[in-house]
Amino acid sequence: VSSAELLASRAGLRILMQGGNAFDAAVATAAALGVVEIKTTGLATDGYWMFYDAKKKEVTAIDFAGIAPSGARPERYPLQKGEDITLARIEPVGYVSSTVPGAPASWDMMLKRYGSMTLGAVLQPAIEYAENGYPISVLTAAALENAKDSLLKFPTTAAVYFPGGEAPYPGQIMVNKDLARTYRRLAAGGAAEFYRGSIAREIVSFYQQHGGLFTSDDFAQMDKVARWVDPISTSFRGYTISTHPPTASGTDILQELNILEGFDLTGFTHNSADYIHVFAEAVKLTTADRLKYYGDPDFVKIPVERLISKEYAATLRARIDMKRAAPVVFSGLVTSDQTNTMSVIDKEGNVVIGTFTIQAGLGCRVVPGNLGFLMNNSLSYFSLDPRSPNVVAPRKRPEWPMPTVMVTKDSKFFL
């Protein structure tokens with residue numbers, strides 16, 4: 001088990017030692033991360049899972065990118081005077097920047113198809129961390145201290161993460177009994193409790209009291225916030241590279257590999273000018289396609305098969321001038337280092353890889369009611385430019401640059 005926090009990895013390992021498989025352990029690890037690594041993750045995360053089923057030698061995937069509430073429209077977010085619409089983004093802090101998160105639905109889907117243990121059993125380590133306390137990490141303590149001013153604006157957030165009005169110090173034992181109760185409710189009622197039960201009602205009521213956009217019907221869209229998707233893939237020198245289709249930006253990874261396959265990379269000195277030039281030019285070309293096409297495929301048509309074809313890659317490769325750099329493609333997208341990743345492999349050879357986020361560090365800074373977790377600010381990853389395929393719209397999923405990637409060779413997991 002590999003994750004960003006030792007305690008979360010131990011939660012997954014505990015499940016494996018109890019006889020669970022990689023899928024059980026992945027949910028346990030993700031849930032524990034939601035307790036001990038609040039800077040980037042939690043119950044309100046959006047993201048992607050990829051799986052390798054060792055028995056079937058099959059790669060499958062879940063897109064849990066979340067959805068915008070029905071009230072999220074460009075006109076809801078007026079521009080500042082003189083602001084460039086191509087760069088404008090939704091304000092990340094506060095009550096109008098959250099999507100309906102996909103994580104709880106994705107856990108339920110994963111366990112129903114592949115799991116060997118109940119949701120209650122795999123949530124137990126996370127419940128114990130929240131109930132009994134855990135030593136807060138250096139990075140999380142620093143994140144809370146650095147964002148203290150904005151976090152303290154929200155009383156429900158301050159009550160959970162600033163005991164006595166002060167940010168916790170590294171190693172301080174942090175207890176979150178509210179989150180423990182929320183996990184117990186999730187364990188008892190399943191994902192439906194989060195989207196159609198008392199948890200959903202509490203989130204919606206709290207947001208509506210503070211001018212937020214959520215409705216009960218937004219949360220009831222369990223089939224939209226997370227769904228099974230067919231991975232897309234390409235070959236690269238004898239290996240099969242699989243990744244997520246849109247809403248994830250996996251397409252540009254495959255495009256870049258297809259472009260690079262036509263160069264003798266071993267003929268370049270590592271990190272030489274020519275070596276870096278080839279990679280940089282490939283990224284510029286694929287980023288241009290991303291800005292032109294990528295969005296929620298429920299809303300926009302994306303020619304994925306053409307984009308990841310070898311023939312199309314050849315036309316892009318021909319545009320690379322080894323003597324001259326092409327103009328930089330400025331995406332205008334929000335940049336963030338607040339994405340989390342984890343991976344699990346079990347004794348049978350099953351593999352789970354996940355990437356997920358609450359978007360900018362510590363999400364929108366809001367803990368809804370007495371639920372004990374931070375909501376995301378994933379709406380800030382949408383564009384406000386109506387010409388963009390990623391423009392915000394009701395029930396739309398944001399386009400995310402965090403696809404998982406898996407490498408197989410002869411249908412066997414490699415990397």
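Buried means under 20% relative accessible area, exposed over 50% and partly exposed in between, with a 1.4 Å probe and protein chains only. The views below come from a predicted model, in which local features need pLDDT of at least 70 and side-chain atom pairs count only at pLDDT 80 or more, while totals for chains, interfaces and linings use all residues. Residues are numbered from 1 along each chain as its sequence is written, and side-chain values use heavy atoms, with hydrogens and water left out.

View 1. Helices (H or I, at least four residues) and strands (E, at least two) are DSSP runs, numbered from the N terminus. Strand β8 covers residues 340-345. Its covered face consists of Asn-340, Met-342 and Val-344, and its uncovered face of Thr-341, Ser-343 and Ile-345. Two strands pair if DSSP finds at least two bridges between them; β8 and β9 are joined by six bridges in the antiparallel sense. Val-344 has Val-352 of β9 as its bridge partner. Five residues separate the two strands of this hairpin, and Gly-349 in the turn has a positive phi of about 95°.

View 2. The open sheet has the strand order β5-β2-β1-β9-β8, with antiparallel pairing. β5 (227-229) and β8 are the edge strands, each pairing on one side only. Neighbouring strands are turned by 20° against each other on average, direction ignored; axes are lines fitted to C-alpha atoms, for helices over the stretch in contact, and angles run from 0 to 180 degrees between N-to-C directions. Within the sheet, strand β1 (residues 46-53) runs antiparallel to β9 and is joined to it by seven bridges. Trp-49 stands opposite Gly-354 in β9. Helix α3 (residues 103-114) packs on the sheet and touches β1, β2, β5 and β9, where contact means heavy atoms within 4.5 Å. The direction of α3 makes about 155° with that of β2.

**View 3. Surroundings of Thr-60.** Thr-60 is in strand β2 (residues 58-64) and is buried, with a relative accessible area of 8%. Its side chain makes a polar contact with the side chain of Tyr-114 at 2.8 Å. A polar contact is a pair of N or O atoms within 3.5 Å; within protein, one must be able to donate a hydrogen and the other to accept it, and residues adjacent in sequence count only if both atoms are side-chain atoms. Leaving aside neighbours within four places in sequence, Thr-60 is in contact with Trp-49, Met-50, Phe-51, Arg-113, Tyr-114, Trp-228 and Pro-231.

**View 4. Asn-376 in its loop.** Asn-376 lies in the loop between β9 (351-357) and β10. It counts as buried, at 0% relative accessibility. The side chain of Asn-376 reaches the backbone nitrogen of Thr-99 at 3.0 Å. Not counting residues up to four places away in sequence, Asn-376 touches residues including Ala-44, Asp-46, Ser-97, Ser-98, Thr-99 and Pro-101. Ile-358, Gly-363 and Cys-364 are also among its contacts.

View 5. Five bridges link β6 to strand β7 (residues 239-243) in the antiparallel sense, and Thr-234 has Ile-241 in β7 as its bridge partner.

**View 6. Helices α4 and α8.** Helix α4 (residues 119-132) and helix α8 (residues 177-189) pack at an angle of about 170°, with their axes 8 Å apart. The two helices are therefore roughly antiparallel to each other; angles under 35 degrees count as roughly parallel, over 145 as roughly antiparallel, 65 to 115 as roughly perpendicular and the rest as oblique. Residues making the contact include Leu-123, Ala-126 and Ile-127 of α4 and Ala-180, Tyr-183 and Leu-186 of α8.
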